[in-house]
Amino acid sequence: MTTHLTPFRPPFCPNPHCDSRKNPTTWRFLRKGFYHRLTKPRRVQRYRCTRCHRNFSSQTFSVAYWLKRPDLLEPVFHRLVACSGFRQIAREWRISHSTVRRLSDRLGRHCLLFHERMRPREGPREPVVLDGFRTFEHSQYWPMDLNLVVGTSLFVYGFNDAELRRSGTMRPAQALKRRILEGRVGRPDPQATRRRVEELLRRVVPPGGRVTLRSDEHRSYPQAIRRLRDRHVVHERTSSKAARTTSNPLFPANLSDLLLRHSSANHKRETVAFSKRRQSALYRLAIWVVWRNYMKDRSENRPKGTPAQALGLVPRTLALREVLGRRLFPERVAGIRGWLAACYFGRIPTRAIARCVGHEARYAI
Ligand SMILES: [Zn+2]
C-alpha cells in the first residue's frame with residue numbers, strides 16, 4: 001500500500017461530477033479532521049472539497065481504498081501471475097476465496113487503467129502479431145478466444161475477448177447437451193471474432209496509423225482488417241502449422257501464449273481453477289499484461305529489461321509498489337470507452353450465468 005514520505009496533498013477532487021474538474025488550478029480543499037482505523041496508516045486525514053462539499057480522505061487516492069486488509073494486494077498480485085488458484089491463495093492467507101476474487105477484480109481494474117495510460121498512443125512502431133489464445137469460461141461448452149496484439153519487442157499492446165461456439169469432435173450426448181444449452185441461453189455470435197478483432201485493432205492503431213500485422217490464417221482476420229479503411233494495415237499471414245521456433249514470424253504471440261498458460265492457473269490444461277466468468281478471466285489477463293510489459297524481464301537468464309523498456313516507455317523495470325502507487329480513476333484516463341469501459345465496469349457477460357452482469361456492475365462502482 002502507499003506510504004507518503006512527503007506530506008500528502010490531494011491532487012484533485014475525486015467527485016467525477018465536481019465543477020472543479022473544469023478549472024483545476026483554482027481548486028481548494030479544507031482539512032476536516034482525522035479518522036482512526038486498525039491497519040496502517042492508523043490515522044487518516046479527511047478533506048472536504050470547497051466546490052461540491054464532497055468529503056474524502058488520503059485513502060481515496062490509494063489503490064487500497066475501502067480495504068480491511070490492504071496488505072494482501074501485493075502478495076495476491078504475485079500469486080495471480082505465479083499460477084495459483086483463488087482457493088490456494090485463500091488457504092495460505094486464511095481468507096475467503098471470494099476475498100481473493102474481489103482483490104483480483106480490483107487489481108484487474110487498476111491494471112486495465114495502468115496499461116491504457118502507459119501504452120504508446122501513437123500506435124505500434126514495430127511489426128505486431130495478432131493471435132487468439134483459446135480457453136473457455138464456465139464449462140468446456142463455452143470456449144472463447146482471448147485476442148492479443150503483441151509487438152516484436154514482446155510488448156502486449158492490447159487484448160480483448162471473443163466468445164466461440166463449441167466445435168470439434170463431440171459424442172452424441174455432448175452434441176445434445178450443446179443443443180439444449182444453446183436453446184436455453186442462445187448461440188454465441190458467429191461474427192464475434194471479426195467484431196472483436198476490429199475493435200482491438202481500432203484501439204491499438206489510431207486513425208491514419210500504419211502497422212505491419214502478422215497473424216495465422218484465421219479467416220475472420222482479413223474481414224476485420226478490410227473494415228479499417230482509415231488505417232493502413234500490411235497483413236502478413238503464416239500457417240499455424242509452421243514450426244513454433246524463434247524464427248517463426250508469430251514467435252512473439254506464441255511465446256506470450258506459452259507464458260500466459262504457464263503463469264495463470266485459470267488457463268492450465270485439465271484444471272478445476274478454470275475461469276467461471278469471462279469478466280474474471282479478462283481482469284486476470286489485465287494483471288498478466290501489466291506484469292509482462294512493465295515488470296517481467298524479456299529474458300530470465302540474460303536480463304535485457306522489460307518490453308516497456310525496449311520501447312522506451314519507462315527507464316527501468318517497475319516494482320509492484322510503483323505499479324500500485326496511486327489509485328487511477330477511469331474518467332481521468334483517456335480512451336476508457338466502448339469495450340474497455342464495459343470491461344472496466346464489469347459488464348462483460350457470461351452467457352451461461354445471466355445474473356452475473358448486474359452482480360458485477362455493483363463491484364465496479
Ligand atoms: Zn469537488
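Let's start where two helices meet: α3 passes α8 in a left-handed crossing. Keep in mind that this is a predicted model.

How do the axes of α3 and α8 lie? They come within 8 Å and cross at roughly 50°. The two helices are therefore oblique to each other, since an angle has to be under 35 degrees to count as roughly parallel and between 65 and 115 to count as roughly perpendicular.

On the α3 side, the residues making the contact include Leu107, Gly108, Cys111, Leu112 and Met118. From α8 come, among them, Tyr283, Ala286, Ile287, Val290 and Tyr294. Sorted by type, the residues of this contact divide into 11 nonpolar, five polar and three charged.

Both of these helices turn up again around α1, a helix spanning residues 73-80. Is α1 mostly covered or mostly open? It's mostly covered, with six of its eight residues buried. Those are Leu73, Glu74, Pro75, Val76, Phe77 and Leu80. Here are the helices included in what covers them:

| Helix | Residues |
|---|---|
| α2 | 86-93 |
| α3 | 97-118 |
| α7 | 251-263 |
| α8 | 278-295 |
| α10 | 320-323 |

Now for the strands. There's an open sheet of three strands, in the order β1-β2-β3, with antiparallel pairing. Strands β1 (29-36) and β3 (55-57) stand at the edges with a single partner strand each, so one side of each has no neighbour in the sheet. From one strand to the next, the twist averages 35°.

What holds strands together in a sheet? In general, they pair through backbone hydrogen bonds, and the pairing can be parallel or antiparallel. In this sheet, β1 and β2 (residues 43-49) pair in the antiparallel sense over six bridges.

Is Pro16 buried, exposed or something in between? Its relative accessible area is 39%, so Pro16 is partly exposed. Setting aside its neighbours within four places in sequence, Pro16 is in contact with Arg21 and Glu331. Pro16 and Glu331 are 315 residues apart in sequence, yet their C-alpha atoms are 7.0 Å apart in space.

Key:
Residues numbered from 1 in each chain as written. Predicted model: local features only at pLDDT ≥ 70, side-chain atom pairs only at ≥ 80, totals over all residues. Heavy atoms only, no water. Pairing = 2+ DSSP bridges. Helix = DSSP H or I, 4+ residues; strand = E, 2+ residues; numbered from the N terminus. Axes fitted to C-alpha atoms, helices over the stretch in contact; angles between N-to-C directions. Buried < 20%, exposed > 50% of the residue type's maximum accessible area, 1.4 Å probe, protein only. Contact = heavy atoms within 4.5 Å. Parallel < 35°, antiparallel > 145°, perpendicular 65-115°, else oblique. Left-handed = near helix turned anticlockwise from the far one by under 90°. Nonpolar A, V, L, I, M, F, W, Y, C, P; charged D, E, K, R; others polar.
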